[in-house]
Amino acid sequence: MAPRGIVASGDQVRWMGSHYGVSALSGTTVHLEPAPGGAAPAVSVPIQFLAAAEDFAVLDRSGRPVSAQPLPNWSMLEGVSAECAHEARMWRRHVIEVDTGLLPEVPEGSRPREGYDPELFTLVERYERKAAELRAVLGWKVSWKTVQRKRLAFLREDIWGLIDKRRTRRTTVNGRTDARVVDLLLALQERQAKEEAATDARTLFKNLRRAARARLGPGVKVPAEPTLYALLKRLGIDALQLRDPTRRRKDRLNRPAPPFAVTTATAPGELVQIDSTALDVKVLGDDGRPTQVELTAAIDVFTRSIIAAVLRPKTAGRRKSRQQTRALLSTGTSKGRATKAVDASLLLALCMVPAPMRPGFDAAASAARSDLPYEELLEVDARMEHAAARPVIMPETIVIDHGTVFTGQTFFDACSYLGISVRPARKRTPTDKAIVERTFESIKSLFSQHVNSYTGRDFSRRGKEIDPDRLWTLQELDDLLQEWIAVGWQARPHEELRSPYEPNLPPLTPNQMYAAGVQAAGYLPIPLGFADYLQLLPTAWVGVRDDGIRFKNRTYDNFKGELEKVRNTPSGLKGKKRDGWELRYNPYTPEQVWLRDHRSGEWITAVFKHQHLIGAPWTQHLWDSATAEYVARGGRHTQDEAIAQVLADLLERAGQGPDDPGVVSVPDGYAPVPGLDGGWAPSGDGAFDPFADAEALDLDALGPLTVLELDEPSLYAPAPSPSEEEIAPGPAHGPHAPGGADTEVSSLLADLGDLDDSHDSAARHLLELPAETDPPQEDTR
């Protein structure tokens, strides 16, 4: 039977409602003659039009359409072995001959072989004939029932029915192990991964045998340990990782299921990820002690730009007495935590204003010399004239984790005020914000490890020698970081910023990607004023008494008399506010707070009454330290005037640097030991005095110091050893002279008020915040 659509000379066909005979073929043209008795004329038709007709069919001798044979589905043979596919093709030829009497692809008009003519032999006779032939010629051990089964399977499933299914069976993950035992093993492994104590494979197998005997009964067999080890390997469980720490095991357990998706964005600001991490760098804290630094950054997914970064010193965690704990309860300070909710809110403000060029920045850090569209941005926003090469991006969606910094009400209120949607990541799933996590690793490898006080994430990544002869202040380190972001990160090609249409082109830098995206997304300058800055600060509800505002065990007052209209007056706000007035405060500049009169919308600035005793900027952490020290002396945590005096003493001691700066160790051949440039004296020749050849210090000619330098030899002069007590000291200069230490320290701390927190000074510069300059007056009432 000829398949449909294939004609030859002499065939009878049906076309356009008439019967024709194929008289001849000429290339792709078919010449048709009308059938006897037909009235249609002779025509010549291209074979494409002939086969495309809906009623076209090839007719048999009786005038009925020839049934078309389907093409074999050879794709079913893909994935099986070559031997199995070859055997299936051979069986197809044999079952077709048994079914039709003719082998496939025989010439037209061929006669069936002896014993296979359907008109002379039954199916059973043809089955027996084919089985005998296969046994005699090919040596196959088959019976006529096997041939029958193959034919029926071929009619049902085509070529797939002729494949030996035993050769297509795939081995399961659990092999011959009972599936219930495998499920129980996975459940036990998941449960032990969440336990506090580490485990091992043998403990897991022991618990598996006990659980299987209790739940599945004694009839269920648990394989031997070698089989269970192989089963763990097939299940993707490393037996050695079962002893990993709890946190690492939980991270593997909470890893998202594959396939892993790529976090993408189509415009600047569409998706921003925010997180905090330790920068692995030590700086000089505001209390005069070395401390670690924590970095909070916002990363734009579309451009991979670091659109804002904030540095904060970590709070050292120390055990407190019961009295100290009571004194610090009202402060809300978390032990060992640097970044607070106010930092996350102020980070949003830094994202939306141009980063200014700071004193000491290289000219290459300017936006005018970068790949940013400077001329276009300058026409829209005049603040870009003195801006650094960092994009200004308004976030639309921010991805955060579940840290207390970002889950507080302050951060959500700030995002609601700015019209930003917040999307929390899943708990213990860092892959939901993988871009900011990877950016932190790049910052540590490209920036942190080049700082002289780099400590490393752990001991294996720590340098052989740490040079503590100079500790950067937080302001200095922040200047270095902001300049590196503009020069080292924003101008550095990023491998993830390749064109999807031209992958062979070099990758773009974050600034180049922003320049391409801002053409389509546009740029809208957002002016943030003083009121906007206050809206980002934490809120408290307080009352105004005769002596002023009592807040955080401190008393604040306005010496211009602006608090008189709200003093001893309830606000009228009920609920949790309890007739209190709205107060905004910054824990990094607690010397002043802002109270809002909701009736007129005015903000009233109140200053700490005893700020004149301190005379320098301070933070809430320093106040807590001074309170703990004063309480340890027997005082009360409510005596703010005495605590202010202790805080002033603490700031004075901070100018002396750390008590134990460490031993400076420099490898041979690199540099001389700091402080010994004048020569090295062998042991036993006298105690080294760094002021031996120095002139007397003229205190009147000493100008104000804006940065606390720690490389002064006086801060690191080694104490004389007991064996050197009888050696005569050098000239009476420096701290060894009577009264010299007190005089020098007082001079060094004379202008300590120039020190300020890095982030708040930047915020004041960006937002042009007013400052309360009126000195506090003594209460004469």
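A: A residue counts as buried when its relative accessible area is under 20%, and as exposed when that is over 50%. By that cut-off, 42% of the 781 residues of the chain are buried. Keep in mind that this is a predicted model.

Q: What makes up the chain in terms of helices and strands?
A: The chain has 21 helices and 17 strands. As for contacts between residues at least 6 apart in sequence, 64% join residues at least 24 apart.

Q: How do you know that the length of α4 agrees with what a helix should span?
A: Helix α4 covers residues 144–157, which is 14 residues. The expected span is 1.5 Å times one less than the number of residues. That comes to 20 Å for α4, and its end C-alpha atoms are 20 Å apart, so the two agree.

Q: Which residues of α4 are called buried?
A: T146, V147, K150, R151, A153 and F154 are the buried ones. Looking down the axis of α4, you'd find them within an arc of 165 degrees, so they line one face of the helix. They pack against α2 (82–100) and α3 (123–137). On the other side of α4, K145, R149 and R156 are exposed.

Q: What comes just after α4?
A: There you'll find D158, with a positive phi of about 60 degrees.

Q: Why are β4 and β5 called edge strands?
A: Start with the order of their open sheet: β4-β3-β2-β1-β5, with antiparallel pairing. β4 (43–46) and β5 (57–59) each have a single partner strand, so one side of each has no neighbour in the sheet. On average, neighbouring strands here are turned by 45 degrees against each other, direction ignored.

Q: How do you know that β2 and β3 pair?
A: Two strands pair if there are at least two bridges between them. Strand β2 (residues 18–26) is joined to strand β3 (residues 29–34) by six bridges, and the two run antiparallel. For one spot to look at, Y20 stands opposite P34 in β3.

Q: What about the open sheet with mixed pairing: what is its strand order?
A: Its five strands go β8-β7-β6-β9-β10. β8 and β10 (421–424) are the edge strands, as each pairs on one side only. Neighbouring strands are turned by 30 degrees against each other on average, direction ignored.

Q: What makes β6 and β9 a pair?
A: Two bridges join them, and at least two is the cut-off for pairing. These strands run parallel. Q273 has V399 in β9 as its bridge partner.

Q: Which helix lies across β6, β7 and β8?
A: That's α14 (residues 474–489), running at about 160 degrees to β8.

Q: What makes a group of residues a nonpolar core?
A: Its members are buried nonpolar residues joined through side-chain atoms within 4.5 Å. The largest such core here has 44 residues, and I274, L348, I398 and F411 touch the most other members. Elements that each supply at least two residues include β6 (272–284), α10 (341–351) and α12 (409–418). The largest share, eight residues, comes from α10.

Q: Which residues does F411 contact, leaving aside its neighbours within four places in sequence?
A: Contact means heavy atoms within 4.5 Å. F411 has such contacts with I274, A344, S345, L348, I398, I400, V405, F406 and V422. There is also a second, separate core of 31 residues, with V283, A309, I435 and F447 among them.

Notes:
Residues numbered from 1 in each chain as written. Predicted model: local features only at pLDDT ≥ 70, side-chain atom pairs only at ≥ 80, totals over all residues. Heavy atoms only, no water. Helix = DSSP H or I, 4+ residues; strand = E, 2+ residues; numbered from the N terminus. Buried < 20%, exposed > 50% of the residue type's maximum accessible area, 1.4 Å probe, protein only. Arc of directions from axis to C-beta. Axes fitted to C-alpha atoms, helices over the stretch in contact; angles between N-to-C directions.
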